[in-house]
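Have the viewer open as you read.

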Amino acid sequence: MDPRSSCSLLYRTCSLVVVLCALHISIMLVFCLRDTGTESDHAHRHRHVHRIPQPRGASVRMNTRIATTVATTTDQQELERCPEVSPLLVGAVRVDFSQKVNLTEVKHNPQLSDGGRYKPRECVSLHKVAIIIPFRNREQLLEYWLYNLHPVLQRQQLEYTVYVIQQDGEDTFNRAKLLNVGYIEALKNYDYECFVFSDVYLIPLDDRNLYHCFKQPRHLAVSMDKFGYRLPYNQYFGDACAMSKEQFLKINGFPNNYWGWGGEDDDIYNRLSFRGMSISRPDAVIGRCKVIRHERDRLNEPNPRRFDQIAHTRETMDSDGINSLSYRVVKIEKDKLFTRIIVDIGKP
Ligand SMILES: *[C@@H]1O[C@H](CO)[C@@H](O)[C@H](O)[C@H]1NC(C)=O
């Protein structure tokens, strides 16, 4: 072949390639720009949906809740996620048990719906918390608790419900079993991710003591007045704690067979440590708490078997816990400030 003609052929081929490349790049550019446009639009529109927990096999009720949330938030305003640290916190709070409390104002809160369920108005909470209180015959203490805790939990921008789990009948009290019941019953209502288990007489003295869950199980009653504002011992896990669903299930929940006062909190501590978890705590200032003065219930005598039981947590924890829980719901009552679940949990 003539070298000149082959050269001109090469020249024409090259030009064609350049033109094709330019065409290709422009088409790519057009599509790229259009794609990012629709993608961000798409993400924007669906942001609200992702904030709502969608349990496996979401029920019809869940779906309506998602639908209404999306509708209200897009109709009215774009709700942002709440900040990591709530701007509403004030630090130390004053607590007074010298006179009867008036719950009228606490109840008069439009964000609070029946059964003691609260959702912040200003942002989408990062924490969906079920507060579980084991209970019997302590109505006045409960009023103090509700009066003091609702405002604190609201300043912490939690989405929460207060469940009072009341042991029916006159048999010996069983705190840990009631807590297990609270876990199960709360999950029947809503897809909580976090559970705070608190005794009714315990009031935090600082609203920076956050009633939500952490990477490790959280102990909340860190420096109590009754112990001279110190931990009684390092492994102490009593009075109030917060655990995620995952942490709770990892230890098979709490023991069901600690009837009477004492021991169950140490058993729970053992469970956590046998499953390789450690305790997270606020510092001793933020963790200050007060115990509302009360007399020991005559139906909650110290459990004489507790030391023997604590010594055997390792052998018992897999067969005694949330997987062996049995009880019967007697009645569910919805107050404005809490849901009361009266349960028959049997006897020792
Ligand atoms: C409680 O407070 C409300 C309003 O703050 C008031 O109207 C009511 O009389 C009070 N109740 C008692 C028993 O003091």
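Let's begin with Cys289, which counts as buried at 0% relative accessibility. Please keep in mind that this is a predicted model, and the values below are computed from it.

Cys241 is buried too, with a relative accessible area of 4%.

## Two disulfides

The structure does hold two disulfides, and counting bonded cysteines along the chain gives the pattern 1-2, 3-4.

One of them joins Cys82 to Cys123, with 2.0 Å from S to S. The link is right-handed, with 90° about the S-S bond. Cys82 sits in the loop between helix H2 (60–76) and helix H3 (104–107), while Cys123 sits in the loop between strand E2 (117–118) and E3, so the bond ties together parts that are 41 residues apart in sequence. Cys82 counts as buried at 6% relative accessibility, and Cys123 is buried with a relative accessible area of 6%.

The other disulfide runs from Cys194 to Cys213, with 2.1 Å from S to S, and is right-handed with 85° about the S-S bond. This pair links distant parts of the chain, 19 residues apart: Cys194 is in strand E5, and Cys213 is in the loop between E6 and strand E7 (218–219). Cys194 is buried, with a relative accessible area of 3%, and Cys213 is buried at 15%.

## The nonpolar cores

Which residues have the most contacts inside the largest nonpolar core? In this set of 41 residues they are Ile131, Trp145, Tyr160, Val162 and Leu202. Elements giving two or more residues to the core include strand E3 (128–135), helix H4 (139–155) and strand E4 (159–167). H4 gives the most, with seven residues.

## Around the ligand

Asn102, Thr104 and Glu105 surround the ligand. An N or O atom in the side chain of Asn102 is 2.3 Å from a ligand oxygen atom, and a polar side-chain atom of Glu105 lies 3.3 Å from an oxygen atom of the ligand. Taken alone, the ligand exposes 360 Å², and the protein buries 28% of that.

Notes:
Residues are numbered from 1 along each chain as its sequence is written. This is a predicted model: local features need pLDDT of at least 70, side-chain atom pairs count only at pLDDT 80 or more; totals for chains, interfaces and linings use all residues. Side-chain values use heavy atoms; hydrogens and water are left out. A residue is near a molecule or strand if one of its heavy atoms lies within 4 Å of it. A polar contact is a pair of N or O atoms within 3.5 Å; within protein, one must be able to donate a hydrogen and the other to accept it, and residues adjacent in sequence count only if both atoms are side-chain atoms. Accessible areas come from the Shrake-Rupley method with a 1.4 Å probe; for residues, only the protein chains shown count as cover. A nonpolar core is a set of buried Ala, Val, Leu, Ile, Met, Phe, Trp, Tyr and Cys residues joined through side-chain atoms within 4.5 Å. Buried means under 20% relative accessible area, exposed over 50%, partly exposed in between (1.4 Å probe, protein chains only). Helices (H or I, at least four residues) and strands (E, at least two) are DSSP runs, numbered from the N terminus. A disulfide is a pair of cysteine sulfur atoms within 2.5 Å.
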